[in-house]
Amino acid sequence: MDFFDNLNIDALQPLQDIFPDSWFDDVRQLYGEGLSDEMISQSVEETCDFFHIEEPAIVSEGWTTGIYPNNDFTLQDDVLIFNREQLLDMGISGKDGLDLVMTHEGTHRVLQGMGHLEFDAHQEELCCDYMAGVRAGLNGIDVSQMENSLMYTPESETHPAGVERVESIEAGVRFAQQYYAEYNMAPTFDECLDNFSEINDIEHNSPIMYQPNNSNINVAFKGNSENIYDQNTIKFLEECQRHNIDLPISVDHCNLKNESVVDRSISGGLKAIDKSIISDTLEKYNEDGKLSDKDYKYLLKMLNRC
């Protein structure tokens, strides 16, 4: 259910007459759509589809959010607990943020029985964050809610510091996008583990006899049928439009089939226009005070993903 569904529309009319549409967009971004039962159910289902695994035996609201795998030799007795209040307190208020939390928990499930990896607690958490980044990179999911929820969390016995976790998400995004750009397909879980281990200097022993997901680790993840760069570009341009930034390309151009405007046939996005021109434009808006430092850095980050 949308945040505004609980409000009287007539009561909002005076605000709509006073504030620009962008104000309501900001409120929607801040409060999100709400974590409905339908959204949670859909997120769990889509996450399992992404990993090519069956859904948990039990999905239930409880005191925290996490996976209880029970027996390592099967995924069929896994229990997924979620806590809506905890998620909202963390800043997870929309579908994108929820999908990445579920991807993190789904990775814990897929890692069952892979004792040869010999991850310590921190490494496994970073691997789960990395895989959230991989899915975001493949499916055009906005990582901002999850990253913001983690950024300032302290290191503990079971979890690494938030800064490290955000870096791991970003590493997953980069690997997924680079892999997709080079091979025009999604990587396998095995390939993702190899890359994660390489960048974190983790060595593994020979595989143990039992790996419950052996049939899945070499199955490519569910990637986009459309190129990820086009999706990221449209999100970036929509955000620029929201900030009233005048660029030589618009969302309408991206929706056109005219390849003379935007080359959509390869890895298109901003291919037809030099990114440095757009970067310089954003810098000028920032210098003139028309774009805050925070928004400027965020838009640059989005541009780099186009």
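Is Asp78 buried or exposed? At 0% relative accessibility, Asp78 is buried (buried is under 20% relative accessible area, exposed over 50%, partly exposed in between, with a 1.4 Å probe and protein chains only). Before going on, note that this is a predicted model, where local features need pLDDT of at least 70, side-chain atom pairs count only at pLDDT 80 or more, and totals for chains, interfaces and linings use all residues. Residues are numbered from 1 along each chain as its sequence is written, and side-chain values use heavy atoms, leaving out hydrogens and water.

So what does Asp78 pair with? Its partner is Arg109, in a salt bridge whose closest N and O atoms sit 2.7 Å apart (a salt bridge is a side-chain nitrogen of Lys or Arg within 4 Å of a carboxyl oxygen of Asp or Glu). This pair ties together distant parts of the chain: Arg109 is in helix 5 (residues 95–110), while Asp78 lies in the loop between strand 2 (66–68) and strand 3 (79–82), 31 residues apart. Helices (H or I, at least four residues) and strands (E, at least two) are DSSP runs, numbered from the N terminus. Arg109 is buried too, with a relative accessible area of 2%.

Stay in helix 5 for another pair: Asp99 and Lys95 are 4 residues apart there, about one helical turn, and their side chains meet in a salt bridge at 2.9 Å, N to O. Asp99 is buried at 4%, and Lys95 is buried at 18%.

Now look at Lys284 and Asp288, whose salt bridge spans 2.8 Å, N to O. Here Lys284 is partly exposed at 47%, and Asp288 is partly exposed at 41%. Elsewhere, salt bridges with shared partners join Asp37, Glu61 and Arg84 into one network. The count comes to 8 salt bridges.
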